[in-house]
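Trainee: I have a structure to read, and I would like to go through it with you. Where do we begin?

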Amino acid sequence: MERPSWVKAFHRKALALGALGKFADASAEYAKAVELEPGNAWLIRQHEQMKRQEDEAPITSEAQWARK
């Protein structure tokens, strides 16, 4: 059963994606979590950290190059 309002699930998915080096996807998951809990400072920091990692990651595909 999928729970679209379960912030913990978005956090866990973001952690897994970040560990795989998929920082853009992880950032998107954190963005969903922040939408659900906009006052959660910890989630906001995690989202910002993932965005920084995405910006600092080496470009490995044409799609990444197009985004930057």
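The questions below go from the overall fold to one group of charged side chains.

Trainee: In which order do the elements of the protein chain run from the N terminus on?
Mentor: Keep in mind that this is a predicted model. The protein chain has 4 helices and 0 strands. From the N terminus on, the order is α-α-α-α.

Trainee: What percentage of the residues of the protein chain count as buried?
Mentor: A residue counts as buried under 20% relative accessible area. The protein chain has 68 residues. The share that counts as buried is 26%.

Trainee: Which residue forms a salt bridge with K13?
Mentor: Side chains of opposite charge can pair when their charged atoms come close. The cut-off for a salt bridge is 4 Å. For K13, the closest N and O atoms of the pair are 3.8 Å apart, and the partner is E29.

Trainee: How many residues apart in sequence are the parts that E29 and K13 tie together?
Mentor: K13 belongs to helix α1, residues 7–19. E29 belongs to helix α2, residues 23–36. So the pair links parts whose separation in sequence is 16 residues.

Trainee: Is E29 buried or exposed?
Mentor: The limit for buried is under 20% relative accessible area. E29 has 6% relative accessibility. That makes E29 buried.

Trainee: Which residues do salt bridges that share partners join into one network?
Mentor: K32 and E29 meet in a salt bridge at 3.2 Å, N to O. Both lie in helix α2, 3 residues apart. E29 also pairs with K13. The network joins K13, E29 and K32.

Definitions and conventions
Residues are numbered from 1 along each chain as its sequence is written. This is a predicted model: local features need pLDDT of at least 70, side-chain atom pairs count only at pLDDT 80 or more; totals for chains, interfaces and linings use all residues. Side-chain values use heavy atoms; hydrogens and water are left out. Helices (H or I, at least four residues) and strands (E, at least two) are DSSP runs, numbered from the N terminus. Buried means under 20% relative accessible area, exposed over 50%, partly exposed in between (1.4 Å probe, protein chains only). A salt bridge is a side-chain nitrogen of Lys or Arg within 4 Å of a carboxyl oxygen of Asp or Glu.
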